[in-house]
Amino acid sequence: MKRNTLPTPCYIISEAKIEESCRILRGVTERTGCKILLAQKAFSMYTLYPLIGQYLSGAASSGLYEARLAREHFPGESHVFSAAFRPDDFPEILNYSDKLIFNSLAQLRRYGPQARAAGVSVGLRINPEHSTQDGSGIYDPCAPGSRLGVTLEQFDPDCLHLLDGLHFHTLCEQDAAPLVETVAAFEAKFGWWLTDLKWLNFGGGHHITRPGYDIAALEACIRRVQETYHVEVYLEPGEAIALNAGWLETSVLDIVHNNGVDIAILDASAACHMPDVLEMPYRPPLAGSGLAGERAHTYRLAGPTCLAGDVIGDYSFDAPLNVGDRLAFGDMAIYTMVKNNTFNGMPLPSILIEDSDGVCRVVRVFGYADFKGRL
């Protein structure tokens, strides 16, 4: 099937783009000896796990279901972190874990001995209290009052006998310089304990595959930590694996007008199909468009739900939009399929893979049963 014949809405994932990003990441591993994991919270399209698994060392999970998915479909190591583990889930989680990372000393003391007895490597998430992000604190694990990670004030060296490694995750869509800053802040507070441990996980938020990312600085940081402390270094990016690797194809259902604003109502919804547009918020790229007023015809693009704020953004076009026109929003592989929902009974978009010849094959089509089955 060619893209212009596909029923909308649908997510289209470029197999070639995924592999291109994975090659970049494998290059970092080959030059430094670090290990890179897929953070499934950003991209859990397990149909592509065999491909991604050829390049990465394993997968990182945030709970039981992701851990099971990784164990069933992703080759290599399985790392599992949760802000708090449920006691009824924990025995099963042990079966899916090679490395298990706790968020508090209380959980470490409660579950760490069980994990070690099961042969699972144990880690603790650290909060270095060094913020490098601008904007909303919703994405800053180092914001004051954060629930994520153990601070220096809370840390108890008497627990070191339960630990094999430490973990920090403080970045979000950032370059290497904030990581270098964060590593320095981490070392100043926790560095002397690393010599008794086996590994250190730099977490995610590394936009390694983005054009212009300073890979040399990242690699220098990895090498220095490895040589200084003789630990194995892990990274667990999610976005970097599938950055700019997917589209959300949608069609114009209607065009309405209000107070001089032309509004195109699409069959795709910001609230249901690309929720980060409202949560972050951000304006997704759209092929063949410009900023509002930049081109001859400006439209507010919106979804068909009853949520008044189900608005994707204002875009301009060289020609007027018409009912039936197709639009393709970019960078729709990450944080879409893992976060979408069926509010208002909206159908979930189909999922397709595009090969190097531009031919698409259907991976999954959703229907009424998927909506009803969640209620």
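Biologist: In which loop is Asn-259 found?

Modeller: In this predicted model, Asn-259 is found in the loop between S10 and strand S11, which covers residues 261–266.

Biologist: Why is Asn-259 called exposed?

Modeller: The word exposed is kept for a relative accessible area over 50%, and the value for Asn-259 is 78%, so Asn-259 counts as exposed.

Biologist: Why is Glu-129 called partly exposed?

Modeller: Partly exposed is the class between the buried limit, under 20%, and the exposed limit, over 50%; the relative accessible area of Glu-129 is 44%, so Glu-129 is partly exposed.

Biologist: How far apart are Gly-149 and Glu-129, in sequence and in space?

Modeller: They are separated by 20 residues in sequence and by 9.3 Å from C-alpha to C-alpha. Gly-149 lies in the loop between strand S6, residues 121–125, and strand S7, residues 165–167. With a relative accessible area of 9%, Gly-149 is under the 20% limit and is therefore called buried. Leaving aside neighbours within four places in sequence, Gly-149 is in contact with Asn-103, Arg-125, Ile-126, Asn-127 and Gln-154.

Biologist: How do you know that Cys-34 is in no disulfide?

Modeller: A search of the whole structure finds zero disulfides. For Cys-34, the nearest cysteine sulfur is that of Cys-221, 11 Å away, whereas a disulfide needs two sulfur atoms within 2.5 Å, so Cys-34 is in no disulfide. Cys-272 can be judged by that limit too: the nearest cysteine sulfur, that of Cys-306, is 9.2 Å away, and therefore Cys-272 is in no disulfide. Both cysteines are buried, since the relative accessible area is 1% for Cys-34 and 0% for Cys-272.

Biologist: Why is His-79 called buried?

Modeller: His-79, found in strand S4, has a relative accessible area of 1%, and buried means under 20%, so His-79 is buried.

Biologist: What joins the side chains of His-79 and Glu-77?

Modeller: A polar contact of 2.8 Å joins them, and the limit for such a contact is 3.5 Å, so the pair qualifies. Apart from residues up to four places away in sequence, His-79 touches Leu-37, Ala-59, Ala-60, Ser-61, Lys-99, Asn-201 and Tyr-234.

Biologist: Which strand gives the most to the lining of the largest pocket?

Modeller: S4 gives the most, with three residues. The largest pocket holds about 1,100 Å³ of space, and of its 49 lining residues, the closest to the centre are Lys-41, Tyr-139, His-169, Cys-172 and Tyr-335.

Biologist: Why does Glu-249 count as buried?

Modeller: Glu-249 lies in strand S10, residues 246–258, and has 7% relative accessibility, which is under 20%, so Glu-249 counts as buried. Its side chain is joined to that of Arg-326 by a polar contact of 3.5 Å.

Biologist: Which residues have the most contacts inside the largest nonpolar core?

Modeller: They are Phe-202 and Leu-301, in a core of 99 residues. Helix H6, residues 176–194, supplies the largest share of this core, seven residues. Phe-202 touches several residues beyond four places in sequence, including Phe-168, Leu-179, Val-183 and Tyr-234. A second, separate core has seven residues, among them Leu-37, Ala-60, Phe-81 and Tyr-234.

Biologist: What is the peptide bond between Thr-8 and Pro-9, cis or trans?

Modeller: That bond is cis, with omega about -5 degrees, and Pro-9 is placed in the segment before strand S1, residues 10–14. The bond from Met-280 to Pro-281 is also cis, with omega near -15 degrees, and Pro-281 is found in the loop between H10 and strand S12, residues 290–291. Most peptide bonds are trans.

Definitions and conventions: Residues are numbered from 1 along each chain as its sequence is written. This is a predicted model: local features need pLDDT of at least 70, side-chain atom pairs count only at pLDDT 80 or more; totals for chains, interfaces and linings use all residues. Side-chain values use heavy atoms; hydrogens and water are left out. A nonpolar core is a set of buried Ala, Val, Leu, Ile, Met, Phe, Trp, Tyr and Cys residues joined through side-chain atoms within 4.5 Å. Buried means under 20% relative accessible area, exposed over 50%, partly exposed in between (1.4 Å probe, protein chains only). Helices (H or I, at least four residues) and strands (E, at least two) are DSSP runs, numbered from the N terminus. Contact means heavy atoms within 4.5 Å. A polar contact is a pair of N or O atoms within 3.5 Å; within protein, one must be able to donate a hydrogen and the other to accept it, and residues adjacent in sequence count only if both atoms are side-chain atoms. On a 1 Å grid over the protein atoms alone, a cavity is a set of points where a 1.4 Å probe fits but cannot get out, and a pocket is an open set with protein on both sides within 12 Å along at least five of seven lines; lining residues have an atom within 4 Å of a point. Grid points are joined across faces, edges and corners, and a volume is the space filled by probe spheres set on the points.
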